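Dear colleague,

I am handing over the structure below, and I would be glad if you read the notes that follow with it open beside you.

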Amino acid sequence: MCTLAVFTRVFDELPLLVAANRDEFLDRPTAAPGLLRDHPRLFGGRDLRAGGSWLVLSERGLLVGLLNRRGPVAAAQDKPSRGRLPLLLAAAASIDDALLTLQEDAVEHYDPFRILLADRERACIAANLPGGLRLEWLEPGVHVLTNISPDDGPCSRLHFCASGMEAVAGRWSARPDQLEALVADLRRVLSEHREAENEELFARPCMHLGDYGTRSSSVVALGQTGRARWFHTESAPCQDPLLELSLPWHADREPAV
């Protein structure tokens, strides 16, 4: 992914809400979100070239999102794919166990990344830096991440999206009793394009740059009651609405938010 907004403990009825755009080369083969693993059951998209993923939800309520950091160092061809990490970490029993797995998996062997680990109670960002793994525990509120880390320089897209997502949170500060309407409001922010030719290419979340651009968009919501809901479009969000997907463990959960 290249743009990810985390609403952690913002809404009483929705302790975790994540909205994300995935930007990638248009010819890179990809499978739409589906069942990735049975024990525990994991749900998310799959990169058919390297076999990994970028956004994965477990039936235990652990969500993992990956951003490949865009920085001054080019990706190395001999390192393992960073996309394997969401699959590996989402299978953990808890955020703490996932962080132990991340440490043990020798994070220095991967190209630069930032990873979101979140559940209904906590959210954490882990980044592999030259000095080791850096953790940032997120306070309740709205947090926006992009593939440009604060360590790599300024990112105008981050500031634009943060403003838009905070406005969404303000409009829905009361109980979001219509999740579909909230998703439509998030889609509006995720669909924004750059407004002028002289504006930075990556200044807005929805990109159409020839052979590269926004490939898909997802919103994942975890309700207080234990129900999770996933909305998705397998195209740029400016082109098609996000429709709800059927999670493979729906029958095990309480009624939807």
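**An antiparallel sheet and a cavity**

Strand S3 and strand S4 (residues 41–47) pair in the antiparallel sense over 6 bridges, where strands are DSSP runs (E, at least two residues) numbered from the N terminus, as are helices (H or I, at least four), and two strands pair if DSSP finds at least two bridges between them. Within this pairing, Ala-31 has Arg-46 of S4 as its bridge partner.

The model is predicted, with local features needing pLDDT of at least 70 and side-chain atom pairs counting only at pLDDT 80 or more, while totals for chains, interfaces and linings use all residues. Residues are numbered from 1 along each chain as its sequence is written, and side-chain values use heavy atoms, with hydrogens and water left out.

The open sheet has 7 strands in the order S3-S4-S5-S6-S7-S8-S9, with antiparallel pairing. Strand S3 (30–38) and strand S9 (132–137) stand at the edges with a single partner strand each, so one side of each is left without a neighbour in the sheet.

A cavity is a set of points on a 1 Å grid over the protein atoms alone where a 1.4 Å probe fits but cannot get out, and its lining residues have an atom within 4 Å of a point. The count comes to 1 cavity of 30 Å³ or more, and the largest cavity has a volume of about 40 Å³, a volume being the space filled by probe spheres set on the points, which are joined across faces, edges and corners. Its lining includes Trp-54, Leu-55 and His-232, and strand S2 (16–25) and strand S12 (212–222) each supply at least two residues of that lining.

Best wishes

Conventions: On a 1 Å grid over the protein atoms alone, a cavity is a set of points where a 1.4 Å probe fits but cannot get out, and a pocket is an open set with protein on both sides within 12 Å along at least five of seven lines; lining residues have an atom within 4 Å of a point.
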